[in-house]
Amino acid sequence: MAEIETIVSLAKRRGFVFQSSEIYGGFGSFWDYGPLGVELKNNIKRAWWRSVIYERDDMVGLDSSILMNRLVWKYSGHEDTFSDPMVDCRQCKSRLRADKIEDNKCPVCGSKNLTPPRPFNLMFRTTVGPVEDDSGMAYLRPETAQGIFVNYKNVLDSTNRKLPFGIAQIGKSFRNEITTGNFIFRTREFEQMEIEYFVKPPHGLAEGEASDDEHHERWLEDRYNWYLSLGIRQSDLRKFEQPKEELAHYSKRTVDLQYRFFPERDEEEKQWDELEGIANRTDYDLKAHSKKPLDAEGKRLNADSTADLTYFDQATNQHLFPYVIEPSAGVDRSVLAFLLNAYHEEEVRGEKRVVLRLHNELAPIKIAVLPLAKNKDGIVKLAKDIKARLQRTGAMRAVYDDTAGIGKLYRRQDEVGTPLCLTVDHQSLEDNQVTIRDRDSMLQERIPIAEVETTIRTKLGLAT
Ligand code: GAP
């Protein structure tokens with residue numbers, strides 16, 4: 001299995017991921033996606049969107065703004081609790097996460113001269129409007145979830161949904177992480193794919209209805225199987241029950257899907273880390289954002305909200321706050337997991353072959369059209385015509401490349417995970433046939449030009 005360092009080098013060399021602001025020496029844990037990285041990322045997001053929205057009848061999508069009213073973060077609990085315990089090393093001035101320190105020793109310089117831990121809020125601040133004072137202060141969202149909660153009623157009213165139903169969203173989130181590193185595993189700007197799935201609370205269940213716990217289990221299975229369906233090896237994916245004392249402030253139970261991101265670490269337990277978290281957030285958020293009835297002392301608990309976020313359940317004739325199951329995945333961690341999972345090195349005729357065995361659906365380029373000789377007009381024209389025809393189908397990303405000999409062109413495509421290469425040669429001009437080469441088996445097959453599109457669609461598993 002590949003190590004992250006191998007992927008970092010491939011990612012830079014072949015244009016998947018670059019360091020942000022590299023020509024100015026980079027910038028603390030921000031990354032840019034290159035020509036192939038953006039295709040891979042988009043393919044992951046498309047596969048997720050299709051699986052959680054189009055292939056279900058109980059889900060809709062949303063795209064909410066990154067900056068929101070500061071009160072959203074006050075009532076969600078993030079202003080008070082979204083922090084990591086931080087210590088400073090008085091010796092080398094490193095700022096460190098207290099929970100990552102072993103033996104009370106600075107991991108950078110080894111000094112034991114550390115400050116006591118204190119909370120450090122992870123939300124980035126910015127100012128909205130021309131006056132730079134507290135009245136315009138806003139946070140860059142640290143999760144996309146809150147955009148869903150504050151739109152819950154809008155979606156409910158505009159789509160006439162009944163429980164259970166869910167809202168999915170893909171978007172950027174920002175956290176001023178204290179400890180970063182490990183490439184795109186933990187960054188300060190990242191993308192999330194989040195679902196808030198609203199279900200009946202335990203006290204509102206009618207006969208035969210699934211409970212919040214059952215919905216939680218179902219989502220856990222669905223999300224686990226989604227990664228397997230896209231080629232993640234079962235031996236590198238596991239479910240991890242978060243200990244009660246580590247649960248986020250809103251969670252009744254969270255199970256992480258962990259991937260073996262760090263196979264090079266000696267200790268087996270340290271090889272695994274979170275790819276996606278699947279939490280039962282109960283009715284915490286909807287209650288927190290809801291204009292509530294007066295409490296015992298005659299005060300409103302949320303005096304700022306104008307919304308009643310209860311759901312009227314016709315079956316039981318009562319208003320209730322739905323419970324929420326939240327599968328929350330990271331796009332960047334998915335990119336990393338799919339790259340690590342796909343990377344293979346093998347020896348072919350005495351030479352090293354690097355091949356990314358990416359699932360067809362995720363491969364940035366589906367087919368490369370390669371002319372065997374570029375000085376023969378007919379071959380180049382035919383190859384370019386085939387490439388243009390394939391691109392016009394709108395079903396796949398095809399590329400044309402004639403910048404090297406055929407052996408090198410194949411190796412380049414193998415290294416970026418292109419499942420198929422199509423080669424046009426001298427013979428093609430006479431017999432109207434071309435060669436299709438399979439990335440994984442390297443087997444070659446001669447097919448009539450007239451059948452190129454259907455053959456490729458079948459091989460890639462696209463609708464014909
Ligand atoms: N709304 C719930 C939530 O945000 P989380 O476990 O903090 O839960 C969910 O984040 C997912 O977002 C994680 O499983 C991970 O894939 C991704 N993620 C979180 N912080 C990240 C970071 N600093 N860099 C990259 N991805 C991150």
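Mentor: Let's start with buried area: the accessible area (1.4 Å probe) that two parts lose on being put together, summed over both. Our model is predicted, so local features need pLDDT of at least 70 and side-chain atom pairs count only at pLDDT 80 or more, while totals for chains, interfaces and linings use all residues. Residues are numbered from 1 along each chain as its sequence is written, and side-chain values use heavy atoms, leaving out hydrogens and water.

Trainee: How much area is buried between domain 1 and domain 2?

Mentor: About 600 Å², with carbon and sulfur atoms giving 49% of it. On the domain 1 side, Asn176, Ile178 and Thr179 lose the most area to domain 2, together 65% of what that side buries.

Trainee: Which side chains meet in a salt bridge?

Mentor: The term means a side-chain nitrogen of Lys or Arg within 4 Å of a carboxyl oxygen of Asp or Glu. Lys270 and Glu102 form one at 3.5 Å, N to O, and the count between domain 1 and domain 2 is 1.

Trainee: What surrounds the ligand?

Mentor: A residue counts as near if one of its heavy atoms lies within 4 Å. By that rule 20 residues surround the ligand, the closest being Glu143, Glu177, Thr187, Glu194 and Glu274. An N or O atom in the Glu143 side chain is 2.6 Å from a ligand nitrogen, and a polar side-chain atom of Glu194 lies 2.5 Å from a ligand nitrogen.

Methods: A polar contact is a pair of N or O atoms within 3.5 Å; within protein, one must be able to donate a hydrogen and the other to accept it, and residues adjacent in sequence count only if both atoms are side-chain atoms.
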